[in-house]
Amino acid sequence: MSRLVRRALFAALAGALAGVPLLAAPADTIRARIAGYKQLGAAFKAVNDGLRGEPDLVKVRKAVGQIAGASAAQYKWYPRGSGPQPGVKTAAKVEIWSRGAQFRAGQDRFAGQAAALQRAAAGGDPVAIRAEARKLGATCKACHDAFRAD
Ligand code: ASC
């Protein structure tokens, strides 16, 4: 076997092995992603509930901490190969990967606004927290409109 052929075979094998973890279980990745968004949605609801009537800042700050955690974690929720494909149910659009820079910018706006909400929650002024929470909802919606099916 020539050196060139050996090299080509080695490269093909290495490529196949490198692809295994990504291709092995898109369903698991998607399950984890959906669970992450369920927790995020529950935390956002807790923030809004905690701001209704007499503000519950303990509840709000705890939930805001969860949102901040999710805003950091979300960067790992979209590995290549976890998009729409036969036999897999996901609302994630292919544009997440085909317009990666645009999606990443949306993720950055969400994470930046989560940090702003966290600063407001630390400050403790319910009016300011409400304003930042509303802005956070807009960053959620921006990605839903562009990158989530239906
Ligand atoms: C929520 C929730 C979302 C966002 C979005 C904001 O409470 O579950 O996905 O707010 O609707 O526009």
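This is a predicted model: local features need pLDDT of at least 70, side-chain atom pairs count only at pLDDT 80 or more; totals for chains, interfaces and linings use all residues.
## Basis

Local features need pLDDT of at least 70 and side-chain atom pairs count only at pLDDT 80 or more, while totals for chains, interfaces and linings use all residues. Residues are numbered from 1 along each chain as its sequence is written, and side-chain values use heavy atoms, with hydrogens and water left out.

## The largest pocket

A pocket is an open set of points, on a 1 Å grid over the protein atoms alone, where a 1.4 Å probe fits, with protein on both sides within 12 Å along at least five of seven lines. The largest pocket holds about 580 Å³ of space, a volume being the space filled by probe spheres set on the points.

Its lining (residues with an atom within 4 Å of a point) has 22 residues, and Arg33, Tyr37, Tyr78, His144 and Arg148 lie nearest the centre. Two or more lining residues come from each of helix 2 (26-50), helix 5 (100-123) and helix 6 (126-147); helices are DSSP runs of H or I with at least four residues, numbered from the N terminus. Helix 2 gives the most, eight residues.

## The ligand

Around the ligand (a heavy atom within 4 Å) are Phe44, Gly137, Lys141 and His144. Helix 6 supplies the largest share of this shell, three residues. A backbone N or O atom of Gly137 lies 3.3 Å from an oxygen atom of the ligand.

On its own the ligand has 310 Å² of accessible area, of which the protein covers 53%; such areas come from the Shrake-Rupley method with a 1.4 Å probe.

How values were computed: A polar contact is a pair of N or O atoms within 3.5 Å; within protein, one must be able to donate a hydrogen and the other to accept it, and residues adjacent in sequence count only if both atoms are side-chain atoms.
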